Amino acid sequence: MRELWDSSFGTLGGQVGWAFVGSENPEVQRAPGLWGEGLRSEESLKSQGCWQCPSVTRQHWSKGWAIAWVCVRVRLLMALDVPQERGLGHLDQRYLDGLEVCRFPLLPFLQPLPLDWMYLLYAIMFLGALGIMLGCCYRLSCIAFLCPYWYLLLLDKTSWNNHSYLYGLLGFQLALLGADRYGSVDGLFRPQKRNAHVPLWNYALLRAQVFIVYFIAGLKKLDADWVGGFSMGTLARHWLFAPFRLVLSEELTSRLVVHGGGLMLDLSAGFLLFFDATRTLGLVFVTYFHCMNSQLFSIGMFSYTMLATNGLFCRPDWPRGLLARCPLWLQDWLPSTEAPQPSPDCHYGGQGGIRPRQHLAAAFTILYVLEQLFLPYSHFITQGYNNWTNGLYGYSWDMMVHSRFHQHVKITYRDGLTGEVGYLKPGAFTQSRRWRDHADMLKQYSACLSQLLPRYNITQPQIYFDVWVSINERFQQRLVDPRVDLVRAPWSPWTPTPWLLPLLVDLSPWRQRLQELEAQLDGHTDAVFIADFPGLHLENFVSEDLGNTSLRVLRGKVVVELVEQQQNHSLQVDEGMQLPAGQYHKVHTVSPEPSCYMYLYVNTTALELERNLTRLQELQERVRNGTEQSPLPPELRPILGEPPPAGIPLDPVVSLFLRREQREQRRERESSLAQRLRRFLHRKFFLFRRSALMTLIALRNLALGRPSPERLAQEVTFANWRGEEEAWPKTSGGDKRGPEL
């Protein structure tokens, strides 16, 4: 039985299950295995005298080349990320001293530092990332990066996302690994670190982390909304999917390519990269996948970071082969390609027993992987952070599974002494919109407003939120109870939120019918689908621009109250009515079950404007090709490029037509690849320039004191200078919004 165990599982266990500490004689040859490397057969080990201890086949060392190269690329991307997604480029706009703004830290006692000290913190984080990349004062650089990074991440929950969380995890792991064993500055001054082995648990930890990102993301996409094709319903219209739309309809492209392809890739990517036989195919798929994501979504350096981690799954000596192909004159300036030296961190079978530190490393690796597998499903513990989706977005790897559209957000305050009622602009005193989807942030926001509003003569304020949102193409419905004062409402991170309204999942099958109803509309009519709870009502205002607005009941029973006319109209299923423009109305749900109804509206003002612009376009074409016989009136001569007549003001429609024409001409002129690249480099250069100059100004302020306000204003103006840039065209996609208060 012992021989059967050793021959059938011993080597596999050495490569996968126990590959955490170190290995035997460094002379042992390597052969491809599950990790891109592995031991030769047990017979060959025995023939080399390496079968002296059970740990021989279960505790390996490995070359640190791949980890070092991945570390360099990942840290470079994270250093570039500091002025961009981390916010150094606009830090003064977020943390200006004396700014009245509500913040959303995870821990209530966390508060931002004064602005100049925040710049110092960012500078330390940036230098830490560079130090890790170069392997200079490696452990100190890891601390310099990690401490500011996690402080800033915990300081603002509204900035949480999966890749920001991943950056923090990778930084933590690199602080424990031997990523400075190859091609590092530290290796120049400490020979024992220069080109030395690293314990194989270093690779196991990083590979497991990347595998978890892919695989858990795939498991989260088994959600019914993703499988049904409702999570990314309009993504198939992007130009990147144009080749697929040549053979598939837009609906099939969305279901099969966007949703089906995304699900299969996330579930299989880790396995494809894991095994030697499928690694090449996996590299092709994930490279294509992340290149597409970099164009589809604004996710910073995440796509490029995941591309950089692909090298972890290849043989650890792949950088050596790459460097060996460089010209000889260049190799003198590159890291060594010689065989690595033994390291005291690794265990070599014939050199004594396993030290406690190596046992601790193995235990840590196992516990860390188990924790990462558990955390995405730990929401039954932190129930206060659960909303319609579980937990705070950022550590669950449920990437792109849920899409939201907010139709209506109303914030009402009531003076606790006088009873005076007023309304706040949604987002007042905030710099983010993430609070609209999370009960814990709504609670923090209301508490902040209760402290700020007394400065505006509102005593003991009561705050009420009415948030309407659609998730994954469902009905628009309320997120929280609008009758509850959130200042005094209970909330705990460990218990469900009592004033959070449930998602009406029973109405999910209606989505197919809603799509059919929208398909029946003409190009000028839009629809908004509403679901409301019994006993509640929606107060709405129909803008005068929406001259043709109607309401139709799909389920339940409602009473429509016309406020100014003081009339009530009772409507049941399939009944509807016209709503007067320029007036308020209320829709009361009076049925015992939730009601469903739809608004149909036409923006008559925008429609008439578009018709006038089309007439001007046709008139311009007729004049230019000589088919227009009638002379143009003076006020229309500017459409031919002539100046407007003296004393005659330019017609607003003509002015809009000329601006649109200039914008189209500029877009055509600057649509080439070279022009787009120039604009991209221009933006990035001045973003990094401003980041560096504002940081230098802050460090000068800390060291020498602040200058006069006039001089400081001049320095900030210089930092804001963007060169002789043209007004780049800005495309504005208008929101298709229904009648809203």
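This is a predicted model: local features need pLDDT of at least 70, side-chain atom pairs count only at pLDDT 80 or more; totals for chains, interfaces and linings use all residues.

## First stop: a sheet with a helix on it

Next, show the side chains of arginine 414 and valine 421. Valine 421 lies in E4 and is the bridge partner of arginine 414.

Now widen the view. E3 and E4 belong to an open sheet of four strands. Read across it in the order E4-E3-E5-E6; the pairing is antiparallel. Which strands are at the edges? Select 421-424 for strand E4 and 477-478 for strand E6. Each of these edge strands pairs on one side only.

## Second stop: another four-stranded sheet

Move on to the sheet with the order E8-E13-E10-E11. This sheet, too, is open, with antiparallel pairing. Its edge strands are E8, at 537-541, and E11, at 567-571. Each of the two pairs on one side only. How far are neighbouring strands of this sheet turned against each other on average? The answer is 20 degrees, with direction ignored.

Select strand E10, residues 558-562, together with strand E13, residues 584-589. They pair in the antiparallel sense over five bridges. Show valine 559 and find histidine 588 of E13 opposite.

Then turn to the pair E10 and E11. It is antiparallel as well, over five bridges. Here leucine 562 stands opposite glutamine 567 in E11. E10 and E11 form a hairpin with four residues between the strands. Pick out glutamine 566 in this hairpin: its phi is positive, near 55 degrees.

While the side chains are on, recall a general rule. In a regular strand, side chains alternate between the two faces of the sheet.

Select Ser294, Gln295, Tyr304, Phe680 and Arg683. Of the 22 residues that line the second largest pocket, these are the closest to its centre. The volume of this pocket is about 1000 Å³.

Which helices each supply at least two residues of the lining? Colour helix H3 (65-81), helix H13 (276-296) and helix H22 (673-704). H22 gives the most, with eight residues. By class, the lining has eleven nonpolar, five polar and six charged residues.

## Last stop: spans from the record

An unreviewed UniProt entry lists residues 119-152, 200-220 and 256-275 as "transmembrane region". Select two of these spans in turn. Residues 119-152 are 91% helix and 0% strand, and their end C-alpha atoms lie 12 Å apart. Residues 200-220 are 100% helix and 0% strand, with end C-alpha atoms 30 Å apart.

How values were computed
Residues are numbered from 1 along each chain as its sequence is written. Side-chain values use heavy atoms; hydrogens and water are left out. On a 1 Å grid over the protein atoms alone, a cavity is a set of points where a 1.4 Å probe fits but cannot get out, and a pocket is an open set with protein on both sides within 12 Å along at least five of seven lines; lining residues have an atom within 4 Å of a point. Grid points are joined across faces, edges and corners, and a volume is the space filled by probe spheres set on the points. Ala, Val, Leu, Ile, Met, Phe, Trp, Tyr, Cys and Pro count as nonpolar, Asp, Glu, Lys and Arg as charged, and the others, Gly among them, as polar. UniProt positions are given in the numbering used here, feature names are shortened, and annotations may be inferred rather than shown by experiment. Two strands pair if DSSP finds at least two bridges between them. Axes are lines fitted to C-alpha atoms, for helices over the stretch in contact, and angles run from 0 to 180 degrees between N-to-C directions.
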